[in-house]
Amino acid sequence: MKLQSIKWSLLIAILGTLLTLGACGKKAAPPPPPPPPAPPAPTASISVSPSSIQTGQSATLTWQTSNATDVSIDGIGAVQPNGSQSVSPTDSTTYHLTAKGTGGSQEATARLTVTQPPPPPPPPAPTVTDEDLFGQNVKDVYFDYDKSDIRADQQSSIQADVAFLNAHANINFTIEGHCDERGSTDYNLALGDKRASAVKDALTSAGVNASRIKTISYGKEKPFCTESNEACWQQNRRGHLVYQK
Amino acid sequence: MDESARPTSRRWPGRFRGPVIASVLLILLVLCLLLSALSAQDWVKTGTSLGVEKVRLAVPDFKPSNNDPQNAALLTTFNNTLWNDLDVSGVVELVSKSFYPLQVPGQPPEVNFLMWNVPPPNAAMLAFGNLGVAAGQLTVQGWLYDVKNTQSPQILGKQYQDTASDAAARMMAHKFADEIIFRLGGGITGIAETQIYFVSDRTGHKEIWAMDYDGSNQRQLTHLGSIALAPRVSPDGSRVAFSSLTKSGWEIMMYSLDLNRTVSFPHMGGTNLSPAWSGDGTKLAFSSSRAGTPEIYVSDASGGNLHRMTTAKGPDVSPVWNRKTNAQIAFVSGRTGLPQIYTMEADGTNQQRMTDQGYAVSPNWAPNGQFLSFAWVRKYGPGEPGASDLYLMDIASKQWVQLTHDGGRNDFPSWSPDGRHIVFQSSRSGKEEIWTMLADGTKVQQLTFTGRNTQPNWSWK
C-alpha cells in the first residue's frame, strides 16, 4: 500500500515538472519583433582659432553640426547649424555648443584662452630737472603787515633757500614781491618792491650772486588768495621765488 | 528833553502822569534819534561862495525847431546833458521842472516873464532854446535870460552848428552849460568839456581808459594786455603818462592822445610808478626803485635829466606837483611805518610830514595850490573801525576836513580844473568804481558801472 502511494507521488511530480517545463519552453521560443528604425544621432564640432589671444584681440569661432535642429552656444545663444563668428572676450572662455536633434543631442566645446597683454615697458626713469628741484627745495618768505623786513621765523626759509641756491649755482631766479589787498595800489607796489629787495639782500648777503636774481613787485595785483581774512592776507604778503628758465 | 516834557505833563491829572510822561518821553526820544540821524548827514562844507544864495535857474527842455526825425533822440541827449552839467556844477539852484508852466519857450518871443519870475517857479534866470537837424546839420540856439529884468533880459545868446550826431549834441550842451556857469558862477571856467582818465579791467586786463567828465563816451586807450596803472594826463592834454608792467618790470609809459598810440619813453630799471606832471608840463615826478628802494625822482617830460629827490629808506611813492606854483611836491612815504603824506620843495629840500597818524595815501593838489586832498584811514590797526575816506587839508595850517562819509574804500581823489569838483575811486557800490562830487562832498555821482574802474585823473582843462 505504501509503495503504491510513493509511485503515484513520483508520477505526479514528473508530470508536473514536464507540464511546467513544457509550458515555459514554449513561451521563450517565438522570435523578437523587429525594432523601429533608429534616427541618426546629431554630430557637432566647434573650434576657435586662434585658441589664445590677448585682451582686446579677437578670435574666430567655427562650428559644424549635422542632424541637429536646435543649435546653441552658451553665452551666444541660438546659432545656425554651421557658421562662424568673431569673438573677443576679455577673459578666457569655454564655448559650449549644444546640438539637439531628433536623434539626440551632442555637445562640443572649444576653449579660448585670453592673456593679458604684457605691461608697457616702464617709462624711462624721470630725470629730475633743476626746475623740479627748485620747486621742491626753495621756500617763499612771508612778511608782516606793511613790513618788508625778514621775520625771525622766516630765517629758516632763507637758510634753506641759500643752501639750495649755493649748491645749484647755475640756477637764475626771480623774486616776486606780493602784498595783501589792504591799502592803496601804488603804495603796495612800492612795498612789494621792498619785500622783493629784502629777500634779495638776505640771499646775496649769504653768498648768492646778485647777478642770478631778478626782482619784480606785483603789489596787490596778483594775489595768491582772494578772501578778505588774515589767513589769506598772510598768504599774499610774501616774497615768491620763481625759477627762471 | 526832560525840560520840554515837563510842561506837557502838567496838563494831565496825576493818575495819568506816569504812563503819559513815559509815552511822551518815548516819542521825544524817537524824535531825538531821528534828528541826530538827520544832523549826522550835515557834514562840514568847504569851498568858495559859502553862504551865498545860489541863483534859481529854470531850464525847460529845448524845443525842436523843425520836424526832422532825428530831433527827438538828439533833444533827449542835449537836454539831459545840459541839465546834468548845470546840476553838478553846484553854481545854480535848478528849479524843479514840476513848477514850470505848460507852455515853455523855444524862442525869445515865446518867453512869458510872468510865468517864470513869480512863484511857483520863482526863477531868477531862464535858459531855453531850440534844436533842429536840417540837411545833416545840427543847429542849437540857446539863450540865458534874467527873467526879473524884463526890460533887458538877455544875458547870453548862442548858436552852435555841427554835423548831426549824438556826440555833437552832447558837446553843444557842454559848451552852453559852460557859458551859463561862467556867467552865473562869477567867472568860473566850466568843466563840461573836460576828460577823466582812469584804469579799467573790463577787458580782462587793466588798461588806460578815458571818458567825458560826466561818464559818457567811455573809450579804451591802451591795448597792452598787461597791467597799466596810474594814468596822469599832461597839462596840455596831449599825452597820458602811466605805469605799466613790461618784460623788464614796471616802467613809466607814455600815450600820445594826438597819435592815439604809446610813444617811447626811456626805461629806468627797477620798479617805476605813479608819474605826475608839473604844472608847466616840462617835468615828470615819479617813484623809482632803480637804485634800491622806491624813491621820488624828477625827470624832463622826455625822461631825461633824471634827479633823485628823496633818500629815506621807506618806500616813497605817488608824487604830485603843486600845479599852481610848481615849487612843491607832495608824496607818500612809509619811512616811519604806515604811509603818510609829505611835502617837499621841488628840489627835494624841506621834507615835511603832513599827516600825523593812520594810513594816508594818494595826495592830489587842488588847482589853487592851497589844499591837498588824499585818502586816509585815520584810525588804523587791529580792531579799529577804520575806513578809507577822502580828506582835504589846508597846507599852511594842516587843518583838515573829511569829504566822504558814505562807506566803502575811497581813494585816488583828483581835482577838476575849476577846483570845485573831485573825481575819486570808491567801493561803496560793492566794487571799485569812479565817482565825482563837489569838493564839499555833495552832488555825488557814479560815472562807471562796468568792471572795476580805478585811479581816475581829471584833465587840466
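Let's start with the largest nonpolar core, which has 117 residues. Please keep in mind as we go that this is a predicted model. The residues with the most contacts inside that core are B:L57, B:F78, B:A123, B:M125, B:L126, B:I208 and B:F242. Which element gives the largest share of this core? That is helix α4 of chain B, residues 166–184, with nine residues.

Leaving out residues up to four places away in sequence, B:F78 touches B:F62, B:L131, B:V140, B:A169, B:M172 and B:A173. As a bit of background, nonpolar side chains tend to be buried together in soluble globular proteins.

There is another core too, lying apart from the largest one. This other core has 14 residues, including A:A44, A:I46, A:A59 and A:L112.

Now let me step back to chain B as a whole. How many helices and strands does chain B have? The count is four helices and 30 strands. Of the 461 residues in chain B, 44% are buried. And if we take the contacts in chain B between residues at least 6 apart in sequence, 45% of them join residues at least 24 apart.

Over to chain A, then. Chain A is divided into domain 1, covering 43–115, and domain 2, covering 130–244. Taken over C-alpha atoms, the centres of these two domains of chain A are separated by 71 Å.

Chain A also has an open sheet of five strands, and if you follow along on the screen, the order is β2-β8-β7-β4-β5, with mixed pairing. Which strands are at the edges? They are β2 (52–54) and β5 (77–78) of chain A, each of which pairs on one side only. For anyone new to sheets, strands pair through backbone hydrogen bonds, either parallel or antiparallel. Here, strand β4 of chain A, residues 70–73, pairs with β5(A) in the antiparallel sense, over two bridges. Within this region, A:I73 stands opposite A:G77, which is in β5(A).

Last stop: where the two chains meet. The contact takes 15 residues from chain A and 27 residues from chain B. On the chain A side, the elements that give two or more residues are α4 (185–205) and β11 (213–219). α4(A) gives the most, with nine residues. And what kinds of residues make up that side of chain A? They divide into five nonpolar, five polar and five charged.

Methods
Residues are numbered from 1 along each chain as its sequence is written. Chains are lettered from A and ligands numbered from 1 in the order in which they are written. This is a predicted model: local features need pLDDT of at least 70, side-chain atom pairs count only at pLDDT 80 or more; totals for chains, interfaces and linings use all residues. Two residues are in contact if their C-beta atoms, placed from the backbone, lie within 7 Å. Ala, Val, Leu, Ile, Met, Phe, Trp, Tyr, Cys and Pro count as nonpolar, Asp, Glu, Lys and Arg as charged, and the others, Gly among them, as polar. Two strands pair if DSSP finds at least two bridges between them. A residue is buried if 20 or more other C-beta atoms lie within 10 Å of its own, exposed if 12 or fewer, and partly exposed in between; C-beta atoms are placed from the backbone. A nonpolar core is a set of buried Ala, Val, Leu, Ile, Met, Phe, Trp, Tyr and Cys residues joined through C-beta atoms within 7 Å. Domain bounds come from an automatic or database domain assignment.
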